[in-house]
Amino acid sequence: MGFWVIFIQKAIGQGIGILYGALGEIMTEKSGNLNLGVPGIMYLGGIAGLAASFFYEFNNPDPSGFVCLVISLLAAFAASALGGLLYSFLTITLRANQ
């Protein structure tokens, strides 16, 4: 019984990130755009943040935790923003299929 309780708690905790993406997509659908790539853009941001953090820590002999966090967040935000901008450019300006 204890395994299932821990499993449900972990599943809820891991699902919060996807919940935020789904909530944002619901709000976006109100404007008439359907973006099925929201989880992919979220993963793109996560990978970019992880890579930026890794390269900062790998190339710095005395890395700072706060600087690593800031670099990771900025890289994740930039990658996700570029993914969203690419999608919006293709679907709105070039009228590609959503």
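1. Let's start with what counts as a helix here: helices (H or I, at least four residues) and strands (E, at least two) are DSSP runs, numbered from the N terminus. Keep in mind that this is a predicted model, where local features need pLDDT of at least 70, side-chain atom pairs count only at pLDDT 80 or more, and totals for chains, interfaces and linings use all residues. Residues are numbered from 1 along each chain as its sequence is written, and side-chain values use heavy atoms, with hydrogens and water left out.

2. Now the largest pocket. A pocket is an open set of points on a 1 Å grid over the protein atoms alone, where a 1.4 Å probe fits, with protein on both sides within 12 Å along at least five of seven lines; lining residues have an atom within 4 Å of a point. The volume of the largest pocket is about 250 Å³ (the space filled by probe spheres set on the points, with grid points joined across faces, edges and corners).

3. Who lines it? Of the 16 lining residues, Gly 24, Glu 25, Thr 28, Asn 35 and Val 38 lie nearest the centre of the largest pocket. Helix 1, helix 2 and helix 3 (65-93) each give two or more residues to this lining, and helix 1 has the largest share, with six. By class, the lining has six nonpolar, nine polar and one charged residues (Ala, Val, Leu, Ile, Met, Phe, Trp, Tyr, Cys and Pro count as nonpolar, Asp, Glu, Lys and Arg as charged, and the others, Gly among them, as polar).

4. Next, helix 1 (residues 2-29) and helix 2 (residues 38-59): their axes come within 10 Å and cross at roughly 130°. Axes are lines fitted to C-alpha atoms, for helices over the stretch in contact, and angles run from 0 to 180 degrees between N-to-C directions. On the helix 1 side, Gly 17, Ile 18, Gly 21 and Glu 25 make the contact, and on the helix 2 side Val 38, Met 42 and Tyr 43 do (contact means heavy atoms within 4.5 Å). That contact has four nonpolar, two polar and one charged residues.

5. Helix 2 and helix 3 have axes that come within 7 Å and cross at roughly 145°. Among the residues that meet here are Ala 48, Gly 49 and Ala 52 in helix 2 and Ala 75 in helix 3.

6. Have a look at Ala 75, in helix 3. Neighbours within four places in sequence aside, Ala 75 is in contact with Ala 48, Gly 49 and Ala 52. Ser 53 and Ala 75 are 22 residues apart in sequence and 8.7 Å apart in space, C-alpha to C-alpha.
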